[in-house]
Amino acid sequence: MSQQGYVAAPPYSQSQPGIGGFGSPNSSLHYGHYGDPNSSYSAPQPSVSKSAVPFGSSAPVGPPPPGAHQLSQTNFQNGPGTPGQQPHRFQGPPPPGNTGASYPPYSPQSQPAFPNAAPASSTAQLADQLNSMQINNYGPGTTPSPGHPASFQSPRLPPPPTQQQMVLPPGPQVPPPPTSSVNGLCAQQSLPPMARQGGIPGPVPPNPNLQQLPGQPPGPGYHPQQANYGPQMAGSQLSYPGAFPGGPGQLSGPQQKKLDPNSIPSPIQVIESDKAARGGQVYATNTRGQVPPLVTTDCVIQDQGHASPRYIRCTTYCFPLTSDMAKQTRIPLAAVIQPFANVPPNETPLYLVNHGETGPIRCNRCKAYMCPFMQFIEGGRRYQCGFCNCINDVPSFFFQHLDHMGRRIDHYERPELSLGSYEYVATLDYCRDKKPPNPPAYIFMIDVSYRNIKSGLVKLICDELKTLLDKLPREEQEESSAIRVGFVTYNKVLHFFNVKSSLAQPQMMVVTDVSEVFVPLLDGFLVDFEESRSVITNLLDQIPELFADTNESETIFAPVIQAGMEALKAAERAGKLFIFHSSLPTAEAPGKLKNRDDKKLLNTDKEKTLFQPQGNCYEALARDCVANGCCVNLFLFPNQYVDVASVGLVTMYTGGTLYKYNNFQLDGDSPQFLSDLRRDMEKKMGFDATMRVRTSTGFRATEFLGAIYMNNTTDVEMAAVDCDKAVTVEFKHDDKLNEDTGALIQCALLYTTVSGQRRIRIHNIGLNCSAQLADVYRTCETDALINFFAKSAFKAILSQPLKTVRDILVNQTAHMLACYKKNCASPATVSQLILPDTMKVLPVYMNCLLKSCVLVGRAEIPTDERAFHRQLVMAMGVADTQLFFYPRLLPIHSLDLKSDAVPAAVRCSEERLSEGGAFLLANGLSMFLWLGASVSPELIQGLFNVPSFAHISTDATSLPDLDNPFSKKLKHILEQLQSQKPYTMKLIIVKQREQPEMLFRQFLVEDKSIYGGASYVDFLVCIHKEISQLLS
Ligand SMILES: [Zn+2]
């Protein structure tokens, strides 16, 4: 028992301040883009506040309207400018829109400027991209021409035949806002005084664009109005404040009429039209700067030289040429990299390149890896690096002749010459201490305090592990997993178990000194499951018995992680801890926590402290874990505050996953937990990883957002990385880019496989560059933008007041759109809200982000829930953030039982529900089945096997398995929704007008939130106002 040799170096309670670098409050966590950090948004500067910016005689400066306070009156600054520089906003290249045709239309003819041919699918894409959205504010002066109060238009080209058009119901038929509706009343009160805007001149002339589209049939594909889901419930509750009397004296124009929610850009329409245009097709990545299908569109991806969008998605696929242009647009330039993303079975897995002892071929100067961006010259004897332009010799073993095109004749035989993604076998130079790594180990650490024993959780875990351990990940060619396993239980003390195969019985060793944890055994702790199967089974049978009579309710936590990490370190293995924990660790030990949840801090400058860890113990521990390749997975079963911000910190920084089951009940919650555990255990992942992102000259990676740890400014350290984790990387210019060579990005991830092989995974992607702002906007991807904004904001709340962070988001949205309107839209659209086609749903998604519980502090929302959501989002890829912020709402009462497809979604608004309908809603974390009060008895019988609505139990967390086509179809849809999602969604059944409905309504994200967030319509009005102010 005196194996002090395994004791950790300095006890982590003595960590040295300053090493952490985890974004302590005083570190430079400035938020905002293209600004000098020293003059960024951290402090309000009244001199540059909006109220000081003249924007017309009608500018009302006063308290913001109720309910919209977070959306206006924000400080605003473009780049490092000073107040005096404000008038220079938007200066730059002359706006092409003024001349109408100063830049060529983005047509296939203009594409040969790039080395590769345009993809076959680009034509349809171009038509889409040419359209920009327009919402005109029509007043009484405008004949409310039925059907065309809003339209899509192309500013410079006649509308293509496939032009999209949103059709409104005829004006007079729009029902008046129901006065009894709480939402309707609130919406009216909270509406910004749209009609008083300085940016909107008097009578709005009839929009000439509307006349271009007389009687055009509705656009292709999805049509929101055609959603025939029974009678609409609430009518158009959301309207312009047409009923507001008068307004201030300067209001000479007419008042605004209703803005029908159907007329504003619909995320569903965008998703469905991309599906219609590109779904089911092969998408080949053969063209630099090509915009991939949306993340919601299913297609087959073929790597032809650039990384699949499953691995890398960008906020824009065309970078502005200069830093001035970038500052002007305020579009964040970022890539969301998911290096281990799952690929479906019908796509090719990554090739493995093995150069033996020589190792990968790399540029001598910048160390970039051989890839399709290297240009072979001098008959193939040398190559020029695409990243730093350095000329390198080709190693003799790698020499190959060039063909008449200057391409190596083995181009297609070598993945590293022709593919966007591939792997290299690493040499010993890439290993710790130049020794080949051992296969990783998984350590299961179970909280055996009173509550977990009594609830049956401990027994559940032990029983499950007996079968689950057979499913440890392994290499495809190997028969069994190389991963070692170990077991620890704990309450106030730690129990280690010796499960060596030669033992007849497992042996327990208790470590009571938790202030300086040491590992009491090495031999027999981390074992091969196959070899030790009987001893392990024996142990798992015994654990619940062993602690059956415990009275211990206090637990430790940090020493548990410390023990796991020390055990891995002693065994010289990377690995993953599976910690099953329930309570606030209040036992006397390092990392002891007190309940510091204080609702009084909400909406104060101190609110940010709720998201910061208590003390520095956990930060220091996280750093040690990363340094030793120890990933910490945490399964939390709290029934009160457990301080997620502190206990989850190590999980976050080590690339682990945090699962949380509030008020865990064995009956209802076991399926969800066991499914999560199973999936996590089987995940393909990389251990002990370091990621480096290299770029071609002129720009570089400046910010990394994710479940990662940064030891310096360039190396992203990850104790482990799995298929669901994504790192969002922001880029900034440091010079002018080059239109010919584009902007090239190479992500190299060094890691250890599940079998202990050291490899380097490479993902390459090439983007275009342009001096035309319109090119940048045309290739934006809103889903990636939201991923970036969410992570960026959720990081910023550690150091800045939440209101500041929300204000910045609103401002940046307005700024991006204002720049487009000013520079890329037709000048005839002065008073209109013009949205680039690629960003037409940015406002609705941005509003969803602003309304998320992380950014909106309300006493009703538990602090742990907010910290939990924050942590999840920080690690998410683009598909996950898209679904998380804009849930999928599926009508299931009118299922096509013959089709295998998931039905088209409808917009997340109460208006889309109907009393006779049934709807499924999922956001990747929660799932609801909402049942209208008059849903048909046949449907109820088919789904629940009960005769009527009243008989449905809302306690169930799953649907019964029934032998009828409807039930089977719905089960299939549930599986589809769940597949590829990192978290198992527990099904919550909600009956209309019964208690849990309030919970469900939070997810109707287009409506005004019960927690005060603006409705989509209100937010759009607010953004329009902000844009008008920016441009006035
Ligand atoms: Zn280079």
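1. Contact here means that heavy atoms lie within 4.5 Å. Leaving aside neighbours within four places in sequence, T657 is in contact with V632, N633, L634, T651, D680, K683, D722, K725 and Y983.

2. The model is predicted: local features need pLDDT of at least 70, side-chain atom pairs count only at pLDDT 80 or more, and totals for chains, interfaces and linings use all residues. Residues are numbered from 1 along each chain as its sequence is written, and side-chain values use heavy atoms, with hydrogens and water left out.

3. T657 sits in the loop between α14 (649-653) and β20 (658-660). Helices (H or I, at least four residues) and strands (E, at least two) are DSSP runs, numbered from the N terminus. T657 has a relative accessible area of 3%, so T657 is buried. Buried means under 20% relative accessible area, exposed over 50%, and partly exposed in between (1.4 Å probe, protein chains only). The side chains of T657 and K725 are joined by a polar contact of 2.7 Å. Such a contact is a pair of N or O atoms within 3.5 Å; within protein, one must be able to donate a hydrogen and the other to accept it, and residues adjacent in sequence count only if both atoms are side-chain atoms.

4. The zinc ion has as protein donors C363 (SG), C366 (SG), C385 (SG) and C388 (SG), lying 2.3 Å from the ion. Donors are N, O and S atoms within 2.8 Å of the metal (3.2 Å for Na, K and Ca); water is not among the atoms, so sites may look incomplete. The spacing of the donor residues in sequence is C-x2-C-x18-C-x2-C. The site is tetrahedral, with angles of 100 to 116° among the four donor atoms; four donors count as tetrahedral if all angles lie between 85 and 135 degrees. C385 and C388 are both buried.

5. V729 belongs to strand β25 (residues 727-733). V729 counts as buried because its relative accessibility is 0%. The C-alpha atoms of V729 and V336 are 6.2 Å apart, although 393 residues separate the two along the chain.

6. The whole structure holds 36 aromatic pairs. The ring centres of F928 and F1000 are 5.7 Å apart and the planes are at 70°, so this pair is edge-to-face. Rings of Phe, Tyr and Trp (its six-membered ring) pair if their centres lie within 6.5 Å; planes under 30 degrees apart count as stacked, over 60 as edge-to-face and the rest as tilted. Both F928 and F1000 are buried.

Technical notes: Four donors count as tetrahedral if all angles lie between 85 and 135 degrees; four count as square planar and six as octahedral if opposite donors are over 155 degrees apart and all others between 65 and 115; anything else is irregular.
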